[in-house]
Amino acid sequence: MRCLILELKLGPILLLLICATITTKAAANGDGYKQCEHTVKKWAFSSQDSEIKDDKHVMRNLLFFLHVPRTGGRTYFHCFLKKLYANAQECPRSYDKLRFDPRKENCRLLSTHDDYSMMVKLPKEQTSVVTILRNPIDRVFSTYEFSVEVAARFLVHRDLTSLSRMAKRARLKAGGVSTLDIWPWKYLVPWMREDLFARRDARISKGQSYIITNDSYDMEEILMPLRDYINDPIAREIIHNGATFQIAGLTNNSYLAESHEVHRCVLKYQSLGQYVLEVVKKRLDSMLYVGLTENHRESATMFANLVGAQVIAQLTKSSLNSDFSIANGSEQRSLLPNSKSDANHQENNSYRKLKKVSSPSKDEAENSNMDAGKLMEAYESCISSLRNSQSERRAKSLKRISPANFTKEARRKVPEQLLQEITSLNSLDMQLYSYAQNIFAKQQALMAQNMENLPSTLDERAHNNSYSLPSRKVIVLATTSLLVLFFVFHFVNARRRTSKVKL
């Protein structure tokens, strides 16, 4: 009886405590959302770029290629940018270099997986940004496949301990960098590598008692299934909506401290992602060029005409300026042969000029004879050999996880439900890709318009040249006439003096 009375007394108290706990949690969640909303809005306001300039399609001094992983950007780097820029003009941290110093002389190209926060280190008014986007579903598949491909290369080792020893020795010997040094692979590959080793060890312990399906994206005994991959916290942080976060400067590789808190808030409260998306759309609008992986041929042609042609023009102008500086320095020294101190002063000035404007290299000499058409020819030749080498390396790597093999046919067998899940997880990227398609269509229209205006432009230049050439001839003729008159005058005077002497 006493127990019953005690229970009746404690019941309301326990109920009140439970209600209070729920209320506190709800209030905390509400406060958490409000705090995150404030953080994201503040970032979005501070990140709004200034008004889009009319000259956004005009190339500036520094080209920043913001390479979103698995969009075909490495092909552009090797088959376009490497053809355009000399090695000396690449900024450090261009894939194979990890340190970035924007103060490097003659730094004209930065090509990297770094996100947009890199802009805080660059002279914004002198920088043009280009990027390539890909259908988000295909990009997730490609990221998964590349993670597996690179991780499988390490299966030649007996275990992870042996791998660590060998990797350390190889790194010390080579002195270079590998895929494991580059974002995001420095996170994704070790994660997949550990998983592959663990599954191989499990197969060995089981002997032949395991069953393998014929679905390469769901071979649980061999590798991490795609469904597990996309739902892992690592994938949610790095892969999903990766293009949006990278162009926003909100990856876990960001240079800005506040970016990490904004990223966390958007992951926690998905509705806040719309603020980020609006910032990213405006940044796309202000870029010199936006390519699409799916429109490969059209994108490459557009890059050659909108970007490549301007780079060639810049390098040609730079080369001419360099030649002019050298010639100008020589003329100044020859004008003052009797002044040793002045001659030394002019020589030092010329040396300083040459330090600022490097003399044309072999690569630059080749580029001076290139145009958009020749650039496309070089690109086609390069991409063919590059794809062959990549295909061979991929096949060799996937043999180590046979029978898994990522083909178009295997991808078509992936359940629709899983595709819908990938779409949902990448809702921001899906919207961004649709927006990029509209930008791409506008760029195509602009290029078509420029091509139509090209004949009239050439005619105008020819017309201008027809006037400029006679003026040069006139100058030459006038100079020659003056020299002839000068010599005739001296000759006549000499004859007169001679006549006076005879008299």
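Predicted model: local features only at pLDDT ≥ 70, side-chain atom pairs only at ≥ 80, totals over all residues.
1. A pair counts as a disulfide when the sulfur atoms are within 2.5 Å. The torsion about the S-S bond of cysteine 91 and cysteine 107 is about 120°, so this disulfide is right-handed. Cysteine 91 and cysteine 107 both sit in the loop between H2 and strand E2 (109-112), so the link ties together parts that are 16 residues apart in sequence.

2. Cysteine 91 has a relative accessible area of 0% and is buried. Cysteine 107 has a relative accessibility of 13%, and because buried means under 20%, cysteine 107 counts as buried too.

3. Next, the link between cysteine 36 and cysteine 265, a disulfide with an S to S distance of 2.2 Å. The angle about the S-S bond is -70°, and the link of cysteine 36 and cysteine 265 is left-handed. Cysteine 36 belongs to helix H1 (residues 2-47) and cysteine 265 to helix H9 (residues 257-268), so parts 229 residues apart in sequence are tied together by this pair. Cysteine 36 and cysteine 265 are both buried.

4. The disulfide of cysteine 79 and cysteine 382 has its sulfur atoms 2.1 Å apart. Its value about the S-S bond is -70°, and the link of cysteine 79 and cysteine 382 is left-handed. Cysteine 79 is found in helix H2 (residues 73-84), while cysteine 382 is in helix H14 (residues 372-398), so the pair joins parts that are 303 residues apart in sequence.

5. Finally, the overall pattern. Searching the whole structure gives 3 disulfides. With the bonded cysteines of the protein numbered in sequence order, the pairing reads 1-5, 2-6, 3-4. When you go back to the model, you might look at the helix pairs H1 with H9 and H2 with H14, and then at the loop between H2 and E2 that holds cysteine 91 and cysteine 107.

Technical notes
Residues numbered from 1 in each chain as written. Heavy atoms only, no water. Helix = DSSP H or I, 4+ residues; strand = E, 2+ residues; numbered from the N terminus. Buried < 20%, exposed > 50% of the residue type's maximum accessible area, 1.4 Å probe, protein only.
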